[in-house]
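The sequence and the coordinates are shown below.

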Amino acid sequence: MAYDRTEGDGQHEMFALGTLARTSRPKLSPKRPRVEVEGLADVFPYYAGFSFEWAKDHLRHAATSETDVILDPWNGSGTTTLAAQDIGIRSIGLDLNPIANVVARLRSNAAEGVAISAVPARTTSRKRSGDPLMSWLTPRAANRVRSWVHSLDGLAYSTSTLGVVSLFRVVRQLTRKFEGSNPTWVRRAGNYDELVDISPRDLDDLIISDQYMLMERLKNSRVQSNAAVSLLTGSSARLPLQDDSVDLVLTSPPYLTRIDYAVSYSRELAVLGVDISVDRRLRSSLMGTTLIRPSATESTLYGDLANDLVRQVSEHKSKASSGYYRKQVVQYLDDLVGSLSEIDRVCRKESTLILVVQDSYYKDVAVRLADICEDEVRSRGWSISGREEFEVSRSLTTVNKAAQAYVKGKVSETVLTLRKE
């Protein structure tokens, strides 16, 4: 599927204000606040990313015309696309994680034809074996959630989306005890006694109550325009877009911090019927995965900074540095470089690329991801027009006790703004 430029909604006044903002614009951190309600960000928090208000501010500042096309190739739960929709500019959001896309659909369709779904009939059918939800829930609880999933099939698009997000939220609420200090890792029950049990009636009450809450939030969070939003499931390394079809990219690539998004959202994937412990295709394909693909090879297209990082990790004296960890870094860089090449392909001349990138550490080796991204993009003919750095007080390197044994410096989150020449 390919997309061409289309006319916008005539938001001329918005761009006049944006022009004024360029002359006196304060430095605004992209970091999401601990509690963010704007743009329904708290409905289903997605790890990392940037704040809704920050995204709107930068889109107003960077957009040059009401006919611009905005892209986020790592759209997550849809902050970029919702911000673009709110200010009246067409946008395209892409993500390989189906959980992210369901949440993005709910946020972008705020209260449009949404209705509360009916409670499914209670059956006495034999319990299903092998349901991935039974990694956390008892058979009767998992069976009742599955009845809800089946009842949503065939309902109106917006109603089914609301229902599925409510199931995500309720299952996550019931299984909090399986989360640890690492916010991106979720364990499974070690035995039957650990499984969470809840009666069908009580589970129904939780789901219906959550749907009503979401309905109220949606009614009070309507976006300000009808700008078109296209939400696609796919890889950033293979964008389903035509050459020279995008004017502005606002995005944040997954960081090189070994965040396994499939594990982080394994309970929600289980609601959709996906068991990542059995079917590893999604998990292995996500950027930053901790699984090593059999086909992973070292690219010859890296810039000097990326090659230097591979060398430093390979030569580190810690266990598995020259083996597994080197492969994981190479696999990540292959995905990153391939995605940046795709962004370059689909962007028009004089396009703007805004990247939010966080540095990290491998043991005591600094991973200067912002510098690597800048180096790779500039080698493709882009020029740097802005760079803002914000110190990060808490990152996964401070959570991992083993990593704390190595001396590290400060970690920054950087906003890079580049222009295609």
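## Nonpolar cores

Within the largest nonpolar core, which has 62 residues, the members that touch the most other members are W54, L59, L71, L309, L333, L336 and L353. A nonpolar core is here a set of buried Ala, Val, Leu, Ile, Met, Phe, Trp, Tyr and Cys residues joined through side-chain atoms within 4.5 Å. Buried stands for under 20% relative accessible area, exposed for over 50%, and partly exposed for values in between, with a 1.4 Å probe and protein chains only. Helix α12 (residues 321–346) gives the most to this core, namely ten residues. L333 is in contact with Y302, A306, V310 and I372, when its neighbours within four places in sequence are left aside; contact means heavy atoms within 4.5 Å. Another core, of 48 residues, lies apart from the largest one and has V103, V145, V164 and L286 among its members. In soluble globular proteins, nonpolar side chains tend to be buried together.

The model is predicted: local features need pLDDT of at least 70, side-chain atom pairs count only at pLDDT 80 or more, and totals for chains, interfaces and linings use all residues. Residues are numbered from 1 along each chain as its sequence is written, and side-chain values use heavy atoms, with hydrogens and water left out. Helices (H or I, at least four residues) and strands (E, at least two) are DSSP runs, numbered from the N terminus.

## The sheet

Seven strands form an open sheet of mixed pairing, in the order β3-β2-β1-β4-β5-β9-β8. Two strands pair if DSSP finds at least two bridges between them. The edges are held by β3 (229–233) and β8, each of which has a single partner strand, so one side of each is left without a neighbour in the sheet. On average, neighbouring strands of this sheet are turned by 15° against each other, direction ignored.

Strand β2 (residues 90–95) pairs with β3 in the parallel sense over five bridges, and S91 has V229 of β3 as its bridge partner. β1 and β4 run parallel and are joined by two bridges; here L71 is partnered by V249 of β4. β4 also pairs with β5 in the parallel sense, over five bridges, and L250 has I354 of β5 as its bridge partner. β4 is mostly covered, with six of its six residues buried.

## Helices on the sheet

α12 lies across β1 (69–72), β4, β5 (347–358), β8 and β9, and runs at about 150° to β5. Helix α13 (residues 369–378) lies across β5, β8 and β9, at about 170° to β8. Axes are lines fitted to C-alpha atoms, for helices over the stretch in contact, and angles run from 0 to 180 degrees between N-to-C directions.

Helix α11 (residues 304–315) packs against α13 at an angle of about 140°, with the axes 8 Å apart. The two helices α11 and α13 are therefore oblique to each other; angles under 35 degrees count as roughly parallel, over 145 as roughly antiparallel, 65 to 115 as roughly perpendicular and the rest as oblique. D304, L305, A306 and L309 of α11 make the contact with D371, I372, D375 and E376 of α13.

## Salt bridges

A salt bridge is a side-chain nitrogen of Lys or Arg within 4 Å of a carboxyl oxygen of Asp or Glu. By this rule the count comes to 30 salt bridges.

| Pair | N to O distance |
|---|---|
| K56 and E53 | 3.9 Å |
| D260 and R283 | 2.8 Å |
| K410 and E391 | 3.9 Å |

K56 and E53 are three residues apart in helix α2 (residues 52–62), which means that about one helical turn separates them. K56 is buried, at 10% relative accessible area, whereas E53 is partly exposed, at 37%.

D260 and R283 form a salt bridge. This pair links distant parts of the chain, 23 residues apart: D260 is in the loop between β4 (246–251) and α8 (261–264), and R283 is in helix α10 (residues 281–285). D260 is buried, with a relative accessible area of 1%, and R283 is buried at 10%.

K410 lies in the loop between α14 (396–399) and β9 (411–420) and E391 in strand β8 (residues 382–392), so the pair ties together parts that are 19 residues apart in sequence. K410 is exposed, with a relative accessible area of 63%, and E391 is exposed at 55%.

A network of salt bridges links D371, E374, R378, R387 and E389.
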